[in-house]
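Please look over the sequence and the structure shown here before reading on. The paragraphs that follow lead from one part of the model to the next.

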Amino acid sequence: MADPRRVEFGDFLRSRREKLSPKTVGLPAGRRRRTAGLRREEVAQLAGIGVDWYIRLEQGRTVSPSVTTVDALARALRLSKTEHAHLKALARDGDKRAFTREIVPPPILRMIESLNQPAYIVGRRWDVLAWNAAAEQVFAFGRLPEEDRNTLLLVMTNKQTRKAYGAGWADVAKRMVAMFRATHDVWAGDPAFAELLTRLRQGSPEFVKWWEAHEIRSTSSGLKTMSHPTLGVLHFEHTSFQANDDPALKLVIYTPVTGRG
């Protein structure tokens with residue numbers, strides 16, 4: 001049975017290959033192409049590896065590329081720094097332990113409760129594990145069943161959340177899918193992640209389309225505008241921090257921004 005991480009490794013290679021044109025990498029267009037992007041043999045040539053070896057990698061075979069090979073593929077496929085890091089992560093042997101829901105230590109709970117601005121803690125699967133009163137006022141996590149307290153589920157499948165983002169929903173959602181893709185791939189095959197993926201596929205046709213594109217983005221700060229049913233239009237600058245107590249935990253803080261129309 002194929003290693004799910006290797007399957008994602010191969011799918012990511014294919015998705016990047018199909019986005020490149022011969023002209024982009026300095027190759028002649030040659031004869032008419034039936035499909036978009038580079039051919040497998042062209043990527044192998046650019047990376048300096050055998051065609052059969054590259055095909056095995058793209059097919060998700062259980063092979064272990066060296067760091068040198070991964071770096072060569074990243075150069076050949078013109079990967080960004082974030083995409084290169086993702087490819088290296090998938091090439092490494094992963095943690096074989098099954099995912100378990102994280103527990104937030106009491107000191108971190110007390111810290112977020114003391115904050116005036118909305119703040120919450122998420123785990124590796126983007127489950128919302130804890131939040132403060134300000135976050136409850138904005139996001140109403142406490143009104144949701146525990147299995148629905150997941151930031152990606154909320155954005156992709158919750159009608160109220162989609163309405164709150166209005167015209168900006170697609171940009172927010174697409175960016176989140178690309179960020180979650182980077183997390184999911186290193187946990188590919190885990191039952192908890194597979195269950196979440198099934199719910200997302202069933203609940204959002206947009207998710208299916210964006211997921212298949214296999215875009216990768218790193219977590220970053222930014223601005224979000226939401227229309228709240230009772231609080232009105234809200235502007236926030238959001239940022240996240242990894243917890244030293246448990247690197248699997250991430251603190252997300254929404255700082256109100258004033259003076260925006």
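**Between two domains**

Because domain 1 (4–91) and domain 2 (106–256) both give residues to its lining, the second largest pocket lies between them. This is a predicted model, and the two domains are the ones that the domain assignment of the protein gives. Their centres, taken over C-alpha atoms, are separated by 31 Å, and the contact takes 14 residues from domain 1 and 14 residues from domain 2.

The second largest pocket has a volume of about 570 Å³ and is lined by 23 residues, of which Ala182, Thr183, Val186, Thr219 and Lys250 lie nearest its centre. Helix 5 (81–91) and helix 10 are the elements that give two or more residues to this lining.

Of the 261 residues of the protein, 46% count as buried. Among contacts between residues at least 6 apart in sequence, 58% join residues at least 24 apart.

Which residues of helix 3 are buried? In helix 3 (residues 51–58), the buried residues are Tyr54, Leu57 and Glu58, and since they cover an arc of only 95 degrees around the axis, they are on the same side of helix 3. An α-helix has 3.6 residues a turn, so residues three or four places apart point the same way. The buried residues of helix 3 pack against helix 1 (4–17), helix 2 (40–47) and helix 4 (67–76). Just after helix 3, Gly60 takes a positive phi of about 75 degrees.

Helix 4, one of the partners of those buried residues, is where Ala72 is found. Ala72 has a relative accessible area of 9%, and therefore counts as buried. Between Ala72 and Ala44 there are 9.4 Å in space, C-alpha to C-alpha, while in sequence the two are 28 residues apart.

Just after helix 12 comes His214, in the loop between helix 12 and strand 3. His214 has a positive phi of about 55 degrees although it is not a glycine, and with a relative accessible area of 0% it is buried. Ala140, found in the loop between helix 7 and helix 8, likewise has a positive phi of about 55 degrees without being a glycine. Is Ala140 buried or exposed? Ala140 counts as buried, because its relative accessibility is 18% and the cut-off for buried is under 20%.

Rolling a probe the size of a water molecule over the atoms shows where empty space is left. In the largest pocket that space comes to about 920 Å³, and 39 residues line it, with Phe139, Leu154, Thr161, Tyr165 and Met226 lying nearest its centre. The elements that give two or more residues to this lining are strand 1 (119–122), helix 7 (133–139), helix 8 (151–157), helix 9 (159–165), helix 10 (169–186), strand 3 (222–228), strand 4 (232–242) and strand 5 (250–256). Helix 9 gives the most, with five residues. The lining of the largest pocket divides into 20 nonpolar, 13 polar and six charged residues.

Notes. Residues numbered from 1 in each chain as written. Predicted model: local features only at pLDDT ≥ 70, side-chain atom pairs only at ≥ 80, totals over all residues. Heavy atoms only, no water. 1 Å grid on protein atoms, 1.4 Å probe; cavity = no way out; pocket = protein on both sides within 12 Å on 5 of 7 lines; lining within 4 Å. Points joined across faces, edges and corners; volume = space filled by probe spheres on them. Helix = DSSP H or I, 4+ residues; strand = E, 2+ residues; numbered from the N terminus. Nonpolar A, V, L, I, M, F, W, Y, C, P; charged D, E, K, R; others polar. Domains from an automatic or database assignment. Buried < 20%, exposed > 50% of the residue type's maximum accessible area, 1.4 Å probe, protein only. Arc of directions from axis to C-beta. Contact = heavy atoms within 4.5 Å.
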